[in-house]
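This report describes one protein model together with its ligand.

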Amino acid sequence: AHLARIEAVDEKVHAFLHVDREGALAQARAVDEKRERGEELGPLAGVPLALKDIFTTQGIPTTVGSKILEGWLPPYDATVTKRLRDAGVVVLGKTNMDEFAMGSSTENSAFGPTGNPWDLTRIPGGSGGGSSASLASFQAPLAIGTDTGGSIRQPAAVTGTVGVKPTYGAVSRYGMVAFSSSLDQGGPCARTVLDAALLHEVIAGHDPMDSTSIDAPVPPVVEAARNGSVQGMRIGVVKEFAGEGYQAGVMQRFNESVELLRELGAEIVEISCPSFDKALAAYYLIAPSECSSNLARFDAMRYGLRAGDDGSRSAEEVTALTRAEGFGAEVKRRIMLGTYALSSGYYDAYYGSAQKVRTLITRDFEKAFEQVDVLISPTTPTTAFPIGERADDPMAMYLADLCTIPANLAGNAAMSLPCGLAPEDGLPVGLQIIAPAMADDRLYKVGAAVE
Ligand code: GLN
């Protein structure tokens, strides 16, 4: 049924870069056979899923939304891919994304934009717009995204779906193409909080193949999602996430959610996080810096595209030509920014300062979590904007990440879930919940209570 749905609507939505029809049917049959043999199956066995094209899939194209990896067939499965397969989840295909996960609109994909199923002329968020659009258009009931600076939560917000960035280190990065390694975090996308929790449980957990993977039990997220409640909880409203630039309808729905939480028995506290206003600036130094280092591996020798290799050119020339042709404008912008910020003599002024801001933001969170159990805010200041509106204005694009980025810098767990439609445009609004690291279960407890 989901394959038929993809065939019927994805020409318009363009959520998928690759549909693995045969593979999906084979996986589904394998689950059926197991069921017939009476083998014990997990709760997600046989459930279809859309996988962001940043996770390697053995023998199945993995492009990361870039021309530079076009035609590359990974020789191995990412840990996330492997865990999904082991759980019997049926991987339908790979979803569209901003190239190398850099963007907030999916317009930076080398393979064309994805439309927001609520209004195809609008962006589905990014970088994981394909994953969230596949959920909102009922092409898949579950999806996987990655969140380096909001790329699970912001697409979830603007498509009216649920997205979770688990605690940094909760989900293995092995086989997840690196953008900014100290921030990159895979996580679940779904249409309900419980679905997200079931998926969270499948993909999270220690992996010796990832040196930053947390070696501790996964918090009880499914139990929390089944027992939603905020009775007696202290919930902090981040004071800084309001005001100029926030759409009226977004604030209206957010404020209604605050009232609902109060009615459900939570104590609402206003919390100030004074360093959060510097988060965007710090992120847009740290992420490009790490990206400039990580993307050095795309040298035309190891993977994918190789341009101009006709025997007349040196290896350096082939590398340069391949990068010129294979990387898009935003990726080049980030590599240049990061290379500049890390140059000798500039380190203290840029990268060093950004790291200090990162520490201040972490301290703001620590102080806040001495007073409250979770923090809440709108996920993103506006609803989905029209495709093309911010494409030539990187600064305007970066503003979409205003509320999501602090949790990445500090490594906290965070969720976005739908909280209604903005009255002025009828488009979905996202409520963000942020919990301390390793307290991911709190997101699900609160999320399930207000869903
Ligand atoms: N908008 C963020 C960026 O462009 C999203 C990054 C992400 O989470 N992958 O860097």
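Ser127 is found in the loop between β3 (90–95) and α4 (129–136). Helices (H or I, at least four residues) and strands (E, at least two) are DSSP runs, numbered from the N terminus. A cis peptide bond joins Gly126 and Ser127, with omega at about 10 degrees. Ala101 is also found in the loop between β3 and α4.

The model is predicted: local features need pLDDT of at least 70, side-chain atom pairs count only at pLDDT 80 or more, and totals for chains, interfaces and linings use all residues. Residues are numbered from 1 along each chain as its sequence is written.

## Confidence and overall form

pLDDT is the predictor's confidence in each residue, from 0 to 100. The protein has a mean pLDDT of 97, and 100% of its residues reach 70 or more. For the complex, the predictor gives an ipTM of 0.98 and a pTM of 0.98.

The protein has 15 helices and 11 strands. Along the principal axes, its C-alpha atoms fill a box of roughly 70 × 65 × 45 Å. A compact globule of 451 residues would have a radius of gyration near 22 Å, and the 21 Å of the protein agrees with this. The radius of gyration is taken over C-alpha atoms, and the globule rule is 2.2 Å times the number of residues to the power 0.38.

Of the 451 residues, 57% count as buried. A residue is buried if 20 or more other C-beta atoms lie within 10 Å of its own, exposed if 12 or fewer, and partly exposed in between, with C-beta atoms placed from the backbone. Two residues are in contact if their C-beta atoms, placed from the backbone, lie within 7 Å. Among contacts in the protein with a separation of 6 or more, residues 24 or more positions apart account for 76%.

## The ligand and Ala101

Which residues are closest to the ligand? They are Ala101, Ser104, Thr148, Gly149 and Ser151, out of 14 residues that surround the ligand. A residue is near a molecule or strand if its C-beta atom, placed from the backbone, lies within 6 Å of it. The shell divides into 4 nonpolar, 8 polar and 2 charged residues. Here Ala, Val, Leu, Ile, Met, Phe, Trp, Tyr, Cys and Pro count as nonpolar, Asp, Glu, Lys and Arg as charged, and the others, Gly among them, as polar.

Ala101 counts as buried because it has 30 C-beta neighbours inside 10 Å. The phi of Ala101 is near 70 degrees, a positive value in a residue other than glycine. Most residues other than glycine have a negative phi, and most peptide bonds are trans.

The largest nonpolar core has 127 residues, of which Leu49 and Ile433 touch the most other members. Helix α9 (residues 279–294) supplies the largest share of this core, 9 residues. A nonpolar core is a set of buried Ala, Val, Leu, Ile, Met, Phe, Trp, Tyr and Cys residues joined through C-beta atoms within 7 Å.

Not counting residues up to four places away in sequence, Ile433 touches Val374, Ile376, Ala414, Met415, Leu443, Val446 and Gly447. Leu443, Val446 and Gly447 are among the buried residues of α15. Helix α15 (residues 440–450) is mostly covered, with 11 of its 11 residues buried. Met438 lies in the loop between β11 (428–435) and α15. Although Met438 is not a glycine, it has a positive phi of about 70 degrees.

## Individual positions

| Residue | Other C-beta atoms within 10 Å | State |
|---|---|---|
| Leu44 | 21 C-beta atoms | buried |
| Gly23 | 17 C-beta atoms | partly exposed |
| Met438 | 19 C-beta atoms | partly exposed |
| Leu342 | 17 C-beta atoms | partly exposed |

Leu44 lies in the loop between α2 (21–36) and β2 (48–52). Leaving out residues up to four places away in sequence, Leu44 touches Ala87, Gly88, Val89, Leu198, Leu199 and Val202. The C-alpha atoms of Leu44 and Ile268, 224 residues apart along the chain, are separated by 36 Å.

Gly23 is in helix α2. Beyond residues up to four places away in sequence, Gly23 touches Ile60 and Val91. Gly23 and Val91 are 68 residues apart along the chain, and their C-alpha atoms are separated by 7.8 Å.

Leu342 is placed in the loop between α11 (329–341) and α12 (348–371). Not counting residues up to four places away in sequence, Leu342 touches Ser289, Ser292, Tyr347 and Tyr351.
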